[in-house]
Amino acid sequence: MARFDAIGFDADDTLWHSESLYAETQAQLRQILGGYAAPDRIDAVLHATEMRNLALYGYGIKGFALSMIEAALDVSDDRLTGREVRQVLDAARQMLSAEVQLLDHAAEVVAHLAETYPLMLITKGDLFDQERKIEQSGLRSYFSQIEIVRDKTAEVYAALLTKRHIPPPRFVMIGNSLRSDILPVVELGGYAIHIPYHITWAHEHVEAPDPDGYVTLEHLGQLPAAIARLTSA
């Protein structure tokens, strides 16, 4: 019998590229505001603005766009022109219309694991944008449950597992973020597999603890073998 009752997957930067879009757009913002401040100051003001606004806007591109405009006004001392505001909005619109680009091995690994395990997609962010990406990814049919949550904490995971009557030790979560995907599940007594993305948003940075309760892989292609090892342990 399979050791796990369900396997959970993060979406952004685990199954498809996301943070690279934010990095590219932030580079555009530096260009737009280059006449007002140095790149380091622009980055610092934007990050502080995002952190201040998370409780209001939540995660996602729309909140990021509003924070970019607010940060641009702060950096420019309210001298931002209408043309520059439009440039910021255009950059955000490009993010919202960007095609979903799956990470290497994502399609075949998800399809393979879905043959044996119920799969859950657990992601956070703007509801409309996340649903768009899920549809465009072509992976929706492999997931028996899709949850778009406000945040990923131990309490949120506990509620999701309780709803499906899954004991934490019979659940494994796959994701790129130690803060959001790995440590909360380990805290509950579940298992987790960390697959780092090459870019990590500053808000998601945490000091990596001793890898007790989770393992780290280099890429998704290694996941089926890792699941098999955990199942046979």
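1. Basis of the note. Because the model is predicted, local features are taken up only at pLDDT of at least 70 and side-chain atom pairs only at pLDDT 80 or more, while totals for chains, interfaces and linings use all residues. Residues are numbered from 1 along each chain as its sequence is written, and side-chain values rest on heavy atoms, with hydrogens and water left out.

2. Helices α1 and α2. Helix α1 covers residues 19-32 and helix α2 covers residues 39-57, and the two pack at an angle of about 120° with their axes 10 Å apart. Helices here are DSSP runs of H or I with at least four residues, strands are runs of E with at least two, and both are numbered from the N terminus. The axes are lines fitted to C-alpha atoms, for helices over the stretch in contact, and the angles run from 0 to 180 degrees between N-to-C directions. The pair α1 and α2 is therefore oblique, a word kept for what remains once angles under 35 degrees are called roughly parallel, over 145 roughly antiparallel and 65 to 115 roughly perpendicular. The crossing of α1 and α2 is right-handed, a term used if the near helix is turned clockwise from the far one by less than a right angle, with left-handed for anticlockwise. On the side of α1 the contact (heavy atoms within 4.5 Å) is made by Gln26, Leu29 and Arg30, and on the side of α2 by Pro39, Ile42, Asp43 and Leu46. These contact residues divide into four nonpolar, one polar and two charged, where Ala, Val, Leu, Ile, Met, Phe, Trp, Tyr, Cys and Pro count as nonpolar, Asp, Glu, Lys and Arg as charged, and the others, Gly among them, as polar.

3. Helices α1 and α4. From α1 the contact takes Leu21, Tyr22, Thr25, Gln28, Leu29 and Ile32, and from α4 it takes Glu84, Gln87, Val88, Ala91, Gln94 and Met95. Sorted by kind, the residues of this contact are seven nonpolar, four polar and one charged.

4. Helices α7 and α8. The axes of helix α7 (residues 154-163) and α8 come within 8 Å and cross at roughly 70°, so α7 and α8 are roughly perpendicular to each other. As α7 passes α8, the crossing is right-handed. Ala154, Tyr157 and Ala158 of α7 meet Ser180, Asp181, Pro184, Val185, Glu187 and Leu188 of α8, and these residues divide into six nonpolar, one polar and two charged.

5. Valine 185. What are the surroundings of valine 185, leaving aside its neighbours within four places in sequence? Valine 185 sits in helix α8 (residues 178-188) and is buried, with a relative accessible area of 2%; buried means under 20%, exposed over 50% and partly exposed in between, with a 1.4 Å probe and protein chains only. With those neighbours left aside, valine 185 is in contact with Tyr157, Phe171, Met173, Gly190 and Tyr191.

6. Serine 67. This residue belongs to helix α3 (residues 61-75) and counts as buried at 2% relative accessibility. Not counting residues up to four places away in sequence, serine 67 touches Leu46, Thr49, Glu50, Asn53 and Tyr57.

7. Nonpolar cores. A nonpolar core is a set of buried Ala, Val, Leu, Ile, Met, Phe, Trp, Tyr and Cys residues joined through side-chain atoms within 4.5 Å. The largest one has 29 residues, and those with the most contacts inside it are Phe9, Leu15, Ile193 and Leu223. The elements giving two or more residues to this core are β1 (6-9), α5 (106-114), β2 (119-124), β4 (171-175) and α9 (223-232). Apart from it lies another core, of 20 residues, among them Ile42, Val45, Val88 and Met95.

8. Positive phi values. Most residues other than glycine have a negative phi. Aspartate 78, although not a glycine, has a positive phi of about 65°; it lies in the loop between α3 and α4 (82-97) and counts as exposed at 61% relative accessibility. Histidine 105, also not a glycine, has a positive phi of about 75°; it is placed in the loop between α4 and α5 and counts as partly exposed at 31% relative accessibility.
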